[in-house]
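Trainee: Could we look at this protein together, one question at a time?
Mentor: Happy to; here is the model.

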Amino acid sequence: MNAMGNAVEDRELSQAVIAYLAKGRSPFPKSDAEAAKGAATESDPDDLLTRVTDIVAECMSVEIDWSSSTLVEAGRHAQREMAARHPELGADALEALYWAFTYNWR
């Protein structure tokens with residue numbers, strides 16, 4: 001199990017999410033399609049990119065009660081929700097999603 005309690009991490013997908021968002025390479029989240037495709041080691045690069053963009057869009061659309069949530073609380077809620085929906089994501093990919101969520105909703 002990894003840090004978020006996931007049983008089996010899809011490392012390729014996790015790396016693609018991190019690469020797509022440019023976590024660790026940029027001071028703010030980006031949408032770097034080529035970097036995500038570059039993470040493909042076992043998947044078709046275009047299929048992997050589609051999976052990543054779907055996951056990022058899903059994360060950004062997690063419903064938040066903004067009347068009772070701070071940005072950090074909302075981001076952690078979205079992160080937990082994505083961990084539950086996508087147990088194949090590693091903790092570092094979930095942290096990248098949190099980072100992008102809070103940046104985009106600030």
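Trainee: What share of the accessible surface belongs to carbon and sulfur atoms?
Mentor: First, a word on the source: this is a predicted model, where local features need pLDDT of at least 70, side-chain atom pairs count only at pLDDT 80 or more, and totals for chains, interfaces and linings use all residues. Residues are numbered from 1 along each chain as its sequence is written, and side-chain values use heavy atoms, with hydrogens and water left out. Accessible areas come from the Shrake-Rupley method with a 1.4 Å probe, and for residues only the protein chains shown count as cover. The accessible surface comes to about 5700 Å², and the share of carbon and sulfur atoms is 51%.

Trainee: Which pattern does the protein follow along the sequence?
Mentor: Helices (H or I, at least four residues) and strands (E, at least two) are DSSP runs, numbered from the N terminus. The protein has zero strands and five helices. Read along the sequence, the pattern is α-α-α-α-α.

Trainee: Why does the radius of gyration agree with a compact globule?
Mentor: The radius is taken over C-alpha atoms, and the globule rule is 2.2 Å times the number of residues to the power 0.38. For 106 residues a compact globule would have a radius near 13 Å, which agrees because the protein has 13 Å.

Trainee: Is V52 buried or exposed?
Mentor: The place of V52 is in helix α3, residues 45–60. Buried means under 20% relative accessible area, exposed over 50%, and partly exposed in between (1.4 Å probe, protein chains only). V52 has 0% relative accessibility, so V52 counts as buried.

Trainee: Which residues does A16 touch, not counting those up to four places away in sequence?
Mentor: A16 is found in helix α1, and at 0% relative accessibility A16 counts as buried. Contact means heavy atoms within 4.5 Å. With those sequence neighbours not counted, A16 touches A36, A39, L48 and V52.

Trainee: Which side chain of opposite charge is nearest to E12?
Mentor: E12 sits in helix α1, residues 11–21. Lys and Arg count as positive and Asp and Glu as negative, while His and the chain ends are not counted. A salt bridge is a side-chain nitrogen of Lys or Arg within 4 Å of a carboxyl oxygen of Asp or Glu. E12 is buried yet has no salt bridge, and the nearest side chain of opposite charge, 5.0 Å away, is R51.

Trainee: How many residues apart in sequence are the parts that R11 and D92 tie together?
Mentor: Side chains of opposite charge can pair when their charged atoms come close. The side chains of R11 and D92 meet in a salt bridge at 2.6 Å, N to O. R11 lies in helix α1 and D92 in helix α5 (residues 91–105), so the pair ties together parts whose separation in sequence is 81 residues.

Trainee: Which residues do salt bridges with shared partners join into one network?
Mentor: R11 also forms a salt bridge with E9, with the closest N and O atoms 2.3 Å apart. At 31% relative accessibility, D92 counts as partly exposed. Through shared partners, the salt bridges make one network of E9, R11 and D92.

Trainee: How many salt bridges does a search of the whole structure find?
Mentor: One of them joins the side chains of R25 and D32 (3.4 Å, N to O). For the whole structure, the search finds nine.
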